[in-house]
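Hello,

My notes follow below it.

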Amino acid sequence: MRVLLIGANGYLGRFVADRLLADPAVQLTALGRGDDADVRFDLATGSPGALTRFLDAVHPGVVVNCAGATRGGARELARHNTVAVATVCEALRRSGCGARLVQIGCSSEYGPSQPGSSTAEDAVPRPGGPYGVSKLAATELVLGSGLDAVVLRVFSPAGPGTPAGSPLGRLAEAMRRAMQSGDGELKLGGLGAQRDFVDVRDVARAVHAASLSAAQGVINIGSGRAVRLRDAAAVLARVAGYGGALHELDGPPVPLRSAIGHPRTDSDHAAPVMYPYPDGCGSWQQADVRTARDRLGWRPRINLEESLADIWMEAACRI
């Protein structure tokens, strides 16, 4: 099976590439903007016609699109997340390759959800910011394209390669600096938000499974369990060996101890977040992952503690 991977040098794309390359039945071709791509092509500015000619020459059986932008203004996000996907869909419609499309979506397309609930694929999307809007528009383009296509709505990815600017990345960097300077107290905000973290290597397994399946439509990819960022900080502190106190800027001081797996109360679910998690999804997100299990045969394998240990390993190695 020949697979064309778009965005192979991105955060998710690198792990998807590794997973696909580990399959001896896959012939992988990488397309992207970087010099390390097999073929250089910018989806945001390239024409559908040029991409069609490449598809007809390579004739992939599957196209995986991991490309996109997570930061920037509305115009930049629309160009890289929506216009780029429109180019892919139009090129595939024009091409004679008949390739299946696996599009990487995100949980920001759903927007805020009710605390304590699990979000299924039939939930009405209400994105709370321009990033979620741009990704939702891309999903609608894919679903309305008439192509053999599936959209994997990835919840909060974690693990090796986590960007330093992400909430978990910033948390690890703040802890590294505190340990380096000998600070006995770590002051952070936004720790009341609860998110469904899924390891990037598990995401790559889901992409591989989707490439081989006949599933169409939208499929959630997550752990199926919301974790408070405060609890993730406690696990990270244990992994890092940090014995200081955690002071929440939007809440009372609390000791750094792990509460992952502890039962939630209604008051926990409703805890306010003064410094919102920067994805427009409010204080709570948790995936319903039954569709991934039933249609892809996929379940997450890597727990959050292992993901956080890998995040810390990279943070600790920074100079």
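Start with the helices on the sheet. Helix α4 (residues 130-143) lies across β5, β6 (149-154) and β11, at about 160° to β5. Helix α6 (residues 200-212) lies across β4, β5, β6 and β11, at about 150° to β5. Axes are lines fitted to C-alpha atoms, for helices over the stretch in contact, and angles run from 0 to 180 degrees between N-to-C directions. Contact means heavy atoms within 4.5 Å. Helices (H or I, at least four residues) and strands (E, at least two) are DSSP runs, numbered from the N terminus.

Two notes on provenance. This is a predicted model: local features need pLDDT of at least 70, side-chain atom pairs count only at pLDDT 80 or more, and totals for chains, interfaces and linings use all residues. Residues are numbered from 1 along each chain as its sequence is written, and side-chain values use heavy atoms, with hydrogens and water left out.

Now the sheet. It is open, with seven strands in the order β3-β2-β1-β4-β5-β6-β11, and the pairing is parallel. Pairing requires at least two DSSP bridges between two strands. β3 (39-40) and β11 (217-221) stand at the edges with a single partner strand each, so one side of each has no neighbour in the sheet. β4 (residues 62-65) and β5 (residues 100-106) pair over four bridges. Val63 has Leu101 as its bridge partner in β5.

In total, the chain has ten helices and 13 strands.

Next, the packing. The largest nonpolar core has 33 residues. Such a core is a set of buried Ala, Val, Leu, Ile, Met, Phe, Trp, Tyr and Cys residues joined through side-chain atoms within 4.5 Å. Val16, Val64, Val102, Leu152, Ile219, Ile221 and Leu296 have the most contacts inside it. β1 (2-6), α1 (11-21), β4, β5, β6, α6, β11 and α9 (290-296) each supply at least two of its residues. The largest share, seven residues, comes from α6. Another core, of 29 residues, lies apart from it and includes Leu31, Val63, Cys89 and Tyr110.

Ile221 is worth a look. Beyond its neighbours within four places in sequence, Ile221 touches residues including Leu152, Val203, Ala206, Leu296 and Trp298.

Best wishes

Notes. Buried means under 20% relative accessible area, exposed over 50%, partly exposed in between (1.4 Å probe, protein chains only).
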